[in-house]
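Please look over the fold below.

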Amino acid sequence: MTGARALDRARPEPLWAQLLTDLRRRLEAGEFADAFPGELALVGEYGVSRHTVREALRRLRDEGTVVAGRGRSPRLAESTEIRQPLGALYSLFSSVEAAGLSQRSVVRTLEVRADGVIAARLRLEESTPLVYLERLRMAGTSPLAVDRVWLPERIAAPLLDVDLTHTALYTELAQSCGVTLTGGREDIRAVIPTPAERDLLAVGPGVAAFAIERLGLVGSEAVEWRHTLVRGDRFTVTADFSSRGGYRLGLAR
């Protein structure tokens, strides 16, 4: 169904939030491919105040979905795609900045904890203390990824005193901990984010994501387990291949 859906003033959810949800729905359906409506057009279409429209549009601007200058009508923003290579030890920080976007992180958790499942993946005893870092990664003004990393406390304890809002984790591992990754294994699969994850990433229900799981190694020693959830509409995985070397595809188990 295209077109505006009526907003319900009896619901506890604010009108601007209902409007934002409906605008996202219409955007995902491609309804505004030719032009995005202006403030007054949305006021008339939804029967709400200009303040309500402006609040919903502000959220779309913060997400990087639309852009608008003073005295100018809002328009759809051109999406900048983040590209990552297969078969390389890459940094999401570097890839975002290589795309011409500023990179920053919102640190949600940075603490020491025990996790038996993750410790086993790192080939450690289940009670081994781990430094756990959870960050919301931003590309420009828009959320790009939710990054969760576990590292053995014995090597990563100095990170607890580091400001990780605008830096690459591997740079800080090298500078603060004296640890440089040499390789590892990574699995990438397509997933549907949970409602909570969609809220964090500021995407609607029709946007899938890449779930990336990485085991980082120094030589043969496992020092990092990482789970990253990346917006599928902003992220591309690329691979070079040849008739001799090729590249390997695996089936999810």
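Two strands pair if DSSP finds at least two bridges between them. Helices (H or I, at least four residues) and strands (E, at least two) are DSSP runs, numbered from the N terminus. The model is predicted: local features need pLDDT of at least 70, side-chain atom pairs count only at pLDDT 80 or more, and totals for chains, interfaces and linings use all residues. Residues are numbered from 1 along each chain as its sequence is written, and side-chain values use heavy atoms, with hydrogens and water left out.

**Overview**

The chain has 8 helices and 10 strands. Contact means heavy atoms within 4.5 Å. Of the contacts with a separation of 6 or more, 57% are between residues 24 or more positions apart.

**The sheet**

An open sheet holds 6 strands in the order β4-β5-β6-β9-β8-β7, with antiparallel pairing. β4 (103-113) and β7 (183-191) are at the edges; each has a single partner strand, so one side of each lacks a neighbour in the sheet. From one strand to the next, the twist averages 15°. Axes are lines fitted to C-alpha atoms, for helices over the stretch in contact, and angles run from 0 to 180 degrees between N-to-C directions. Helix α7 (residues 169-177) packs on the sheet and touches β5 (130-139), β6 (142-152), β8 and β9. Its direction makes about 155° with that of β9.

| Strands | Bridges | A facing pair |
|---|---|---|
| β4 and β5 | 10 bridges | Q103 and A139 |
| β5 and β6 | 10 bridges | R135 and D147 |
| β8 and β9 | 10 bridges | L215 and W225 |

How many residues of β5 are buried? The count is 10 of 10. L130, Y132, E134, L136 and M138 point one way, while V131, L133, R135, R137 and A139 point the other way. β5 and β6 form a hairpin with 2 residues between them. G140 in that turn has a positive phi of about 70°.

E213 lies in strand β8. Its relative accessibility is 18%, so E213 counts as buried. Leaving out residues up to four places away in sequence, E213 touches R185, E186, D187, R189, W225, R226 and H227.

**The cores**

A nonpolar core is a set of buried Ala, Val, Leu, Ile, Met, Phe, Trp, Tyr and Cys residues joined through side-chain atoms within 4.5 Å. In soluble globular proteins, nonpolar side chains tend to be buried together. The largest core here has 16 residues; L151, A156, L159 and L173 touch the most other members. β5, β6, α6 (153-156) and α7 each supply at least two residues. α7 gives the most, with 4 residues. L173 touches L151, L159, G178, V179 and L181, not counting residues up to four places away in sequence. A second, separate core of 14 residues includes L19, L42, V53 and V66.

**Helix α1**

Helix α1 (residues 15-28) has 14 residues. The expected span of a helix is 1.5 Å times one less than its number of residues. For α1 that should be 20 Å, and the end C-alpha atoms are 20 Å apart, which agrees. G30 follows α1 and has a positive phi, near 75°.

Note on methods: Buried < 20%, exposed > 50% of the residue type's maximum accessible area, 1.4 Å probe, protein only.
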